[in-house]
Amino acid sequence: MLAAECAWAILRAEHVRTRELLARLETAMKAEGEAGVRQRARSAIEVIERLQAFEETTHRPKGVVMLNMLRGRSSEADGLLDQLDSESERCNGLLAQAKILLERAESSDNTAAAAEADALLRQHRQWMSAHLDKEDTLLHSHTALLLSPEEWATVVSSISKEVGAAKRRREHRRLPVRGQVSKPAG
């Protein structure tokens, strides 16, 4: 079961990273003093983009094979996976809505949009924290009970492949369409 322990050590370390990004996002939204609405919005958008990239290209791909192996093993595990999927979608939606509002706040110094984004981000933080806790406890328990050592070896060996594929997909989406000029960095 060394493979299982290694996989969960990686996943839990990534949960710590997600929580750190959530804390940075909260700090960016609470910045006072010289930071005006536009600067707070810009800082928050940058953290949201880091969080989205991390989730999409690093964290989620690592669980693809594990979750696919787990699905169909028990009705209880399937229910948990459905719940986690639903929560993940809700979190993604809240983050996307907040980002749109923050972009509005950044472009027009709109304090109402920033306040609405802040409320959505507080909801997101609550949902995401509960989601990560469920992964660390309930999902961990189900995988320990239902996956064999051989399956765990497959899960661990798939991690690099899945992460690489996710990064290639993300980069492909970010490439400019023929005839478009890409936005300068910075």
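What is the handedness of the crossing of α1 and α4? The crossing is left-handed, a term applied if the near helix is turned anticlockwise from the far one by less than a right angle, with right-handed used if clockwise. The legends below describe a predicted model, in which local features need pLDDT of at least 70, side-chain atom pairs count only at pLDDT 80 or more, and totals for chains, interfaces and linings use all residues. Residues are numbered from 1 along each chain as its sequence is written, and side-chain values use heavy atoms, with hydrogens and water left out.

**View 1. Packing of helix α1 against helix α4.** Helix α1 comprises residues 2-30 and helix α4 residues 111-146; helices are DSSP runs (H or I, at least four residues), numbered from the N terminus. The two pack at an angle of about 165°, and their axes are 11 Å apart. Therefore α1 is roughly antiparallel to α4. Angles over 145 degrees count as roughly antiparallel, under 35 as roughly parallel, 65 to 115 as roughly perpendicular and the rest as oblique. Axes are lines fitted to C-alpha atoms, for helices over the stretch in contact, and angles run from 0 to 180 degrees between N-to-C directions. The contact of α1 with α4 has nine nonpolar, six polar and eight charged residues. In this classification Ala, Val, Leu, Ile, Met, Phe, Trp, Tyr, Cys and Pro are nonpolar, Asp, Glu, Lys and Arg are charged, and the others, Gly among them, are polar.

**View 2. Length and buried residues of helix α1.** The 29 residues of α1 should span 42 Å at 1.5 Å a residue, and the end C-alpha atoms are 42 Å apart, which agrees. The expected span is 1.5 Å times one less than the number of residues. Buried residues of α1 include W8, L11, E14, H15 and M29; buried means under 20% relative accessible area, exposed over 50%, and partly exposed in between (1.4 Å probe, protein chains only).

View 3. E20 forms a salt bridge with R17, the closest N and O atoms being 3.6 Å apart. A salt bridge is a side-chain nitrogen of Lys or Arg within 4 Å of a carboxyl oxygen of Asp or Glu. Because E20 and R17 are three residues apart in helix α1, about one helical turn separates them. E20 is partly exposed at 40% relative accessible area, and R17 is partly exposed at 27%.

**View 4. Further salt bridges.** The whole structure holds 16 salt bridges. R71 and D85 form one of them, with the closest N and O atoms 3.0 Å apart. This pair links distant parts of the chain, 14 residues apart: R71 lies in the loop between α2 (37-70) and α3, and D85 lies in helix α3. R71 has a relative accessible area of 36% and is partly exposed; D85, at 40%, is also partly exposed. E55 forms a salt bridge with R60, the closest N and O atoms being 3.9 Å apart. E55 is buried, with a relative accessible area of 7%, whereas R60 is partly exposed at 34%.

View 5. D109 is placed in the loop between α3 (75-108) and α4. Its phi is near 55°, a positive value in a residue other than glycine. D109 counts as partly exposed, at 42% relative accessibility.
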